[in-house]
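Please look through the sequence and the model below before reading on. The briefing that comes after them is written for a student who is meeting a protein fold for the first time.

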Amino acid sequence: MMRTIGIVMLLSASLCLAQGSGDFKPASSNVLDAPFPQVDSSSRVQIRFKATDATKVRVNFWSGEKADMEKQPDGFWTFTTKSMAPGLHYYTIVVDGAEVSDPGSTAYFGGSKWASAVEVPEAGADYYLPKDVPHGQVLEVWYHSSVTGTWRHALVYLPPDYDAQTKTRYPVLYLQHGGGENETGWIRQGKANFILDNLIASGSTRPMIVVMADGYASRAGYVVPDLTGKPFGSPEFTKVMQERMSAFEDDMTQALIPFVDKTFHTIPGRDHRAMAGLSMGGMQTFQVTFDHLDLFSYIGGFSGAGNPFLAGNNKFDVKTAYHGALADPTAFAKRVHLLWIGVGTNEPERMKSGLESLHTSLDQGGVEHIFYESPGTDHEWQTWRRDLKDFAPRLFQPVGQQSRVDHGR
């Protein structure tokens, strides 16, 4: 009898462990019916990973805890985090030194590899969630680039009322991903289509086409040199970075934009064309748009550095940066309807201070712009979702109304 009771108690304990404690529930980012990872109402995340023969298992949150997991009698390893900021958090599991993905999580392309991630909901926020509103379409397209000599891939969001059979035309936002991610990021991780659907349905944002392109480009015949032992900032690394950013710039202006204008019902012209990007995509945005103010009049940098090629502690100089594109603030304001810069308040200090310095330099130089800070978020997707939520309603509005848009946080 006592043995039976003991078995029942052991099974009960195992079941409770499997279900989690408190109000933990499976994350919305899990694969079909996967019970873990789980998230509770205080934004803690509970990971459960099976590695029966392992001697040491660690969880590695890229913007969070890196800690040993605890082995349970059934061969599963568990760990519960402290409260985490809302948003999508990448992580991997390190099993006896080998870094692997969690099979319970959907795989996302980040850090130049497929990785796990867990969605921590933001209390009271549904602007990035699917709602009972008209939804746009997301198409996969391929276009041939004479710059790279290859077929290149992009995703295109078409607003809910887009109809290929009518003559209605739309402005275009080119929206770029960050380093280590790809053109799927703004849809799969960023929920950009739902953000746009909800903003358009509310009447706060003009219907627009959004193009999300592959941010990596190399000219036809170019071979990327071996950069082993050449750190970021080294002359060799900087030279490759400049070459590839230049190739992306030419691909976008010479191949992608003409393809989009030919294929979709766009309103051509700079007054109806915007570009924005996060992190690396922000750097690309500034280079492409400031070099081509004949093509763009709305510019957004989401955690994107103002000039990736500044050496040391050199200050951003509005008189000389980007070939003098901002040297005359009055002329710049007449051409650029919106210059928007955003950063998360919890981003790495070097990045945060760099963007704050850019903001200060623009202020001191008399360059009109919007500076937005996402409270409590790091260099992560919730920062960039909030950025898009604030940025998109300011696009393609009557001149002079961009800075007066206020949609809360």
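The points below go from the whole chain to its sheets and then to its helices.

This is a predicted model, in which local features need pLDDT of at least 70 and side-chain atom pairs count only at pLDDT 80 or more, while totals for chains, interfaces and linings use all residues. Residues are numbered from 1 along each chain as its sequence is written, and side-chain values use heavy atoms, with hydrogens and water left out.

**The chain as a whole**

- The protein chain has nine helices and 19 strands, where helices (H or I, at least four residues) and strands (E, at least two) are DSSP runs numbered from the N terminus.
- Of the 409 residues in the protein chain, 52% are buried, a word that here means under 20% relative accessible area, with exposed meaning over 50% and partly exposed in between (1.4 Å probe, protein chains only).
- Among the contacts in the protein chain with a separation of 6 or more, 69% are made by residues 24 or more positions apart; a contact means heavy atoms within 4.5 Å.

- Strand E8, which covers residues 87-95, is mostly covered, with eight of its nine residues buried.
- Strand E4 (residues 57-61) pairs with E8 in the antiparallel sense over five bridges, and valine 57 stands opposite valine 95 in E8.
- E8 is also joined by five bridges to strand E11 (residues 113-120), again in the antiparallel sense, and here histidine 89 has valine 118 in E11 as its bridge partner.
- Strand E9 (residues 98-100) is joined to E8 by three bridges and runs antiparallel to E8, with alanine 98 in E9 standing opposite valine 95.
- E8 and E9 form a hairpin with two residues between them, and aspartate 96 in the turn has a positive phi of about 50 degrees.

- Another open sheet is formed by eight strands in the order E12-E13-E15-E14-E16-E17-E18-E19, with mixed pairing.
- Its edge strands are strand E12 (137-145) and strand E19 (370-374), each of which pairs on one side only.
- Neighbouring strands of this sheet are turned by 20 degrees against each other on average, direction ignored; axes are lines fitted to C-alpha atoms, for helices over the stretch in contact, and angles run from 0 to 180 degrees between N-to-C directions.
- Strand E14 (residues 172-176) and strand E15 (residues 209-213) run parallel and are joined by three bridges, and leucine 173 stands opposite valine 210 in E15.
- Helix H4 packs on the sheet, where it touches E12, strand E13 (150-158), E14, E15 and strand E16 (273-278), and the direction of H4 makes about 120 degrees with that of E12.
- Helix H9 (residues 381-391) also packs on the sheet, touching strands that include E14, E16 and E19, and its direction makes about 155 degrees with that of E18.

- H3 is followed by glycine 203, whose phi is positive, near 85 degrees.
- In helix H5 (residues 280-291), 11 of the 12 residues are buried, so H5 is largely enclosed by the rest of the structure.
- Helix H4 (residues 235-263) and H5 pack at an angle of about 60 degrees, with their axes 10 Å apart.
- Residues of H4 including Met241 and Met245 are among those that meet H5, where Met283 and Gln284 are among the residues met by H4.

How values were computed. Two strands pair if DSSP finds at least two bridges between them.
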